[in-house]
Each structure stands twice: as structure tokens, then as C-alpha cells.
Number of protein chains: 2
Amino acid sequence: MSRFGDATSVERLAEGRYRAELDEGFGFAQALNGGYLMAVLGRAAVEASAHAHPVSTSAAFLRVAKPGPAEIVVEHRKSGRTADMFRATLVQDGKSIVDAQITTATLDPAAEPVWAGDRPAPALPPVASCSILDEPPKNTTPRIAAPDDEFGDRGDRGFADRVDMRFDPSTMGWLDGRPSGRLEGRAWFRLRCGYEPDAYSLALAVDALPPVALNVDAKGWSPTVELTWHLRAVPAPGWLAVLGTGRLSAGGWFDEDVEIWDSAGRLVAQSRQLARTGRA
Amino acid sequence: MSRFGDATSVERLAEGRYRAELDEGFGFAQALNGGYLMAVLGRAAVEASAHAHPVSTSAAFLRVAKPGPAEIVVEHRKSGRTADMFRATLVQDGKSIVDAQITTATLDPAAEPVWAGDRPAPALPPVASCSILDEPPKNTTPRIAAPDDEFGDRGDRGFADRVDMRFDPSTMGWLDGRPSGRLEGRAWFRLRCGYEPDAYSLALAVDALPPVALNVDAKGWSPTVELTWHLRAVPAPGWLAVLGTGRLSAGGWFDEDVEIWDSAGRLVAQSRQLARTGRA
């Protein structure tokens with residue numbers, strides 16, 4: 001097992017009850033990443049399902065999850081011809097942490113797009129021209145560092161040692177007081193442990209960018225209220241391009257849309273989250 | 001009360017339990033519109049909340065709702081400084097019809113956008129240049145009819161008599177075998193009963209377009225699996241511009257994104273749904 005595989009594995013306790021051990025490496029400080037929690041919820045739903053993929057996941061983030069044991073309660077809601085539908089809740093210390101509605105189905109890895117949009121995928125500079133972030137964005141003194149091409153575990157300092165992200169420098173101006181003024185963020189993404197892209201690492205990737213509102217008016221962290229993501233294709237091995245935009249920041253709320261494209265040039269995931277604008 | 005106000009009203013039965021009478025006018029044949037059901041769910045959540053607006057709603061469509069009595073079960077999940085979070089389920093005849101996760105908050109009607117995108121709102125021809133659809137899209141022989149400027153109830157033949165939609169003809173080519181080849185659909189929207197735009201009519205509007213995949217490869221109806229929509233501003237009175245696009249149709253699934261702009265030129269709602277491509 002890889003580190004990400006271990007960190008998202010679930011053990012069946014009983015009908016509709018699963019146990020997970022949440023890994024502190026997939027968070028910043030003591031707050032675990034919402035995408036990581038969606039990956040764990042997705043695994044539990046697929047375990048409970050006759051289908052192979054979590055094609056649609058809506059998550060409501062109620063409370064902050066902490067590293068350590070958690071229980072996932074999965075309630076079967078409907079089985080149709082092509083999909084199963086579930087409610088799933090991540091519980092810690094008797095408290096509900098994340099509520100989710102998950103639809104599972106089995107996607108055909110060979111399915112070709114019938115239509116794939118008239119907007120091209122936004123360009124992302126080559127991996128070698130992108131930057132790594134040497135501290136998690138929550139830290140008050142993050143900095144851009146030279147790319148590190150070493151593939152493998154870099155130690156145990158947190159998210160940036162689990163997840164290898166290479167940021168498009170044009171979207172990272174917020175780091176030194178030059179935000180671009182647009183809701184945007186773009187990065188290459190892969191897991192340092194060598195775990196190749198699948199539905200669970202995509203769940204992590206759709207919530208892995210620093211909040212796009214850091215380029216407009218957010219300061220510090222921006223808590224996600226709701227995030228829905230859809231798996232659109234089975235991803236190919238290799239780097240993932242994570243492309244974040246947003247449509248509106250107003251009244252202390254903003255949306256963040258993420259598209260993920262795989263190394264075969266296909267749209268494999270799309271998400272939208274509604275978040276509160278960070279004021280810290 | 002207006003017809004739409006009546007049709008979405010909920011009566012409190014007990015803590016977390018509400019009753020509604022579902023109006024056959026807000027559906028096609030015997031299948032009620034998903035947006036109408038979200039409006040009813042949103043009213044129940046706001047009734048149960050200290051806040052005024054359903055800012056985020058994720059709905060999983062389990063079964064087809066029928067006209068007549070329904071119960072809404074609302075479970076309070078969390079109250080924070082600025083928002084309350086709920087699970088809500090629409091139940092008929094002891095069966096769960098729609099599961100929803102709803103976040104309520106109170107938006108400031110005077111809030112000005114901090115940033116409102118670098119893509120302009122897609123253009124929609126003037127109301128007078130748009131067409132009405134004289135039969136519901138599910139009907140096998142829908143047709144474009146001359147605009148009808150009469151404001152008020154036209155009778156009792158169904159959805160088109162409750163909802164006055166003026167379709168952009170360039171997105172309606174699927175009606176006569178000339179689909180545009182793109183996931184798209186655009187229309188002006190208002191309620192014939194004179195009910196002015198609010199969060200509940202927006203819930204209806206985000207699911208009111210004929211499926212955008214009719215312009216690509218869908219035939220007949222395309223069942224929505226999941227729809228998440230966010231209220232982004234309190235809408236002004238008048239016509240709403242409903243602008244539908246999509247990013248990908250593949251493997252029998254497509255996404256439909258809807259933005260709604262009000263008569264004051266503001267983005268007031270955004271939604272995305274994942275649906276099965278109709279094959280009927």
C-alpha cells in the first residue's frame with residue numbers, strides 16, 4: 001500500500017459502518033483537508049456499493065476533522081439501473097464532521113467524449129516552470145521554492161510532503177502582496193508516494209489549491225461550506241492539471257470551480273465549492 | 001398568495017417536520033420539476049433556521065415526485081456564526097424522493113460584488129426576439145410558438161402555463177432536428193402568477209431549461225442525478241436570464257451549468273447538475 005492508499009483505507013465494522021484512521025499528513029496544522037475527507041467517504045460508499053466509482057459527491061463541511069480514528073456511517077438510499085445513491089457521514093468523538101451525498105456508478109475507462117466543450121483547457125506552464133510552495137498556505141510565511149524533482153517522500157512535515165504541487169507562478173502573486181485580482185489558481189498535482197490518479201486522489205485534488213479568493217480579497221484561510229465534485233472519466237497515470245477559477249466574490253462568499261485534466265488531455269473531474277472569504 | 005407562493009408553502013407539523021401540497025402545474029406529465037422540489041425543501045429549511053436565505057442546496061434525486069401531499073423532514077446539523085446547516089428529505093407515501101443538504105445564511109441585499117468574473121454574461125437576445133415553447137419539452141411534438149406578452153395565468157395545461165420562458169432560438173434547434181452541437185440552452189424566465197424573483201423561484205429556474213444535452217446527443221428526457229445550486233445575491237424584480245452550458249458529454253453522462261442574472265445585471269444564482277443522457 002502507498003501512503004495515500006493507507007490513509008484513505010476503510011475497514012468495515014458492520015452493515016453501513018466503516019472505520020478509518022485519519023492521517024495528519026493530509027492537512028495543514030491540525031485541520032485535515034476536505035478533499036482528503038471526501039476521498040475517505042468515497043471509499044466507504046464504493047465499499048457499500050455494487051459500483052466501482054463515486055461519480056458524484058456533495059459534501060457539507062460541518063466541523064474540522066482531526067487526525068486519528070473516525071467512523072463513516074453509510075446509508076443506502078436508492079439503487080437504480082446504472083447508479084447507487086448514498087448518504088455518508090464522517091463522525092469523530094460522536095460528532096458529525098462532514099455530511100455527504102454520494103452517487104456511485106461504473107464508468108467505462110474507454111468512453112470517448114461526445115462533446116468536450118468549446119472553451120479550451122486553460123494553459124498551465126510546463127511542470128519545470130512552475131513553483132513549489134515550501135510551507136502550507138495556512139502558515140503566515142509561505143514562500144515559493146525551487147522545484148524539487150525528487151519523487152518520493154520528503155519527510156514528515158505535512159501536506160506539501162504528501163502532495164507534490166507545482167504552482168503556476170502567475171496565480172501565486174498573493175504570496176508577496178501582488179494578488180492577480182481574479183479568482184484563480186492553477187497547479188500540477190501528484191502524490192509523492194507514487195499513488196497514481198484515481199477517483200480518490202481526484203477527491204483530494206479538487207480541494208488542494210490555496211483558496212482562489214487569495215488572489216482577490218481573502219486573507220488567510222477560507223472555510224469551505226459546501227463542495228460538490230463529479231468524476232467525469234477514469235484518469236490516466238501521471239501529473240494532473242488542477243485549474244481553479246471563480247465567478248463571484250461578494251458579501252463574504254465566493255465560489256471556486258476546479259477542473260482537473262489528466263495526462264491524456266481529458267477532463268476527469270469538475271468541482272464547485274462555496275466558501276466564506278477568509279478574514280484572518 | 002400567488003400560485004407559486006401557494007405551491008411552495010410549507011406547514012409545520014412538528015419539530016423538523018413540514019407538510020406541503022405539491023402542485024401538478026410545476027411539472028411535465030406526472031413528473032414534478034426538480035427545481036420546484038428544491039424550492040419546497042428550501043422553504044422548509046429556512047422555516048427551521050434563524051436565517052433568511054438558502055444559500056447552498058445540494059439535491060440528490062432518488063425518485064419521481066407526484067402531485068399531492070408530501071412531507072419534508074428537516075434535520076438540523078450545525079449552527080455557526082453566519083450559517084446553519086441542514087439535511088432535508090422530501091417524502092411521499094413513506095418513500096424518500098429527494099435528499100438535500102441545505103446551508104442557510106442571511107445575504108445582504110445591498111452587497112456589491114468584490115469581483116464578478118472576467119467572462120461577460122453570455123448574451124441573450126431581447127425578450128421580444130425569443131420564442132415560447134408551446135408544449136412541454138417532454139412531449140414528443142413540442143413547437144416554437146409566437147411570443148405571448150400576456151402576463152397572467154393562461155389556463156391549466158402545465159408548466160408552460162405557470163412559467164413564462166422565452167427561449168433563445170439559437171439554442172432550440174434540437175426541436176426540429178438541427179441541434180447546435182453544443183451543450184447549451186438560454187431563456188428569459190418569469191412566473192406567470194406575478195411572483196417576483198426570490199431564492200425559491202431561483203431554485204425553480206436553475207432546473208427549468210430543457211436539458212442542454214438535447215443540443216448534443218440526448219433524446220427525450222435526461223434524468224438529473226445530482227444538482228447543487230448557490231444563491232449568490234438577492235434578485236431584483238423582473239425577468240431573469242437563465243444561461244445554460246455544459247463542459248462534457250461522455251459515457252452517457254453530462255453536466256449542465258446554469259447561471260442566472262437578474263434585471264439589475266447581477267449574477268444571482270449558479271448551479272451545476274450531473275445528469276444521464278436521455279435515450280428515449
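This is a predicted model: local features need pLDDT of at least 70, side-chain atom pairs count only at pLDDT 80 or more; totals for chains, interfaces and linings use all residues.
Before we start, a word on conventions: residues are numbered from 1 along each chain as its sequence is written, and chains are lettered from A in the order in which they are written. Local features need pLDDT of at least 70, side-chain atom pairs count only at pLDDT 80 or more, totals for chains, interfaces and linings use all residues, and side-chain values use heavy atoms, with hydrogens and water left out.

**Exercise 1. Work out how chain B is related to chain A.**

Step 1. Superpose the copies by least squares on the C-alpha atoms of residues with pLDDT of at least 70 in both.

Step 2. Now check the contacts (heavy atoms within 4.5 Å). The same surface serves both copies, since 100% of the contact residues of chain B recur in chain A.

**Exercise 2. Describe the interface of chain B and chain A by its area and its salt bridges.**

Step 1. Take the buried area, which is the accessible area (1.4 Å probe) that two parts lose on being put together, summed over both. It comes to about 5,300 Å², with 52% on carbon and sulfur atoms.

Step 2. Look for the leading contributors on chain B. Trp115(B), Arg247(B) and Arg272(B) supply 17% of the area that chain B buries against chain A, more than any other three residues.

Step 3. Turn to salt bridges (a side-chain nitrogen of Lys or Arg within 4 Å of a carboxyl oxygen of Asp or Glu). The rule finds 10 of them across this interface. One joins Asp99(B) to Arg77(A), at 2.7 Å from N to O; both residues belong to a network that also links Glu75(A) and Arg87(A).

**Exercise 3. Decide whether Arg232(A) and Asp255(B) are buried or exposed.**

Step 1. Find the pair: they form a salt bridge whose closest N and O atoms are 2.8 Å apart. Arg232(A) lies in the loop between strand 14 and strand 15 of chain A and Asp255(B) in strand 17 of chain B, so the pair joins two chains. Strands here are DSSP runs (E, at least two residues), numbered from the N terminus.

Step 2. Apply the cut-offs: buried means under 20% relative accessible area, exposed over 50%, partly exposed in between (1.4 Å probe, protein chains only). Arg232(A), at 6%, is buried, and Asp255(B), at 1%, is buried too.

Step 3. Arg12(B) is exposed at 52%, and Glu15(B) is exposed at 71%.

Definitions and conventions
Helices (H or I, at least four residues) and strands (E, at least two) are DSSP runs, numbered from the N terminus.
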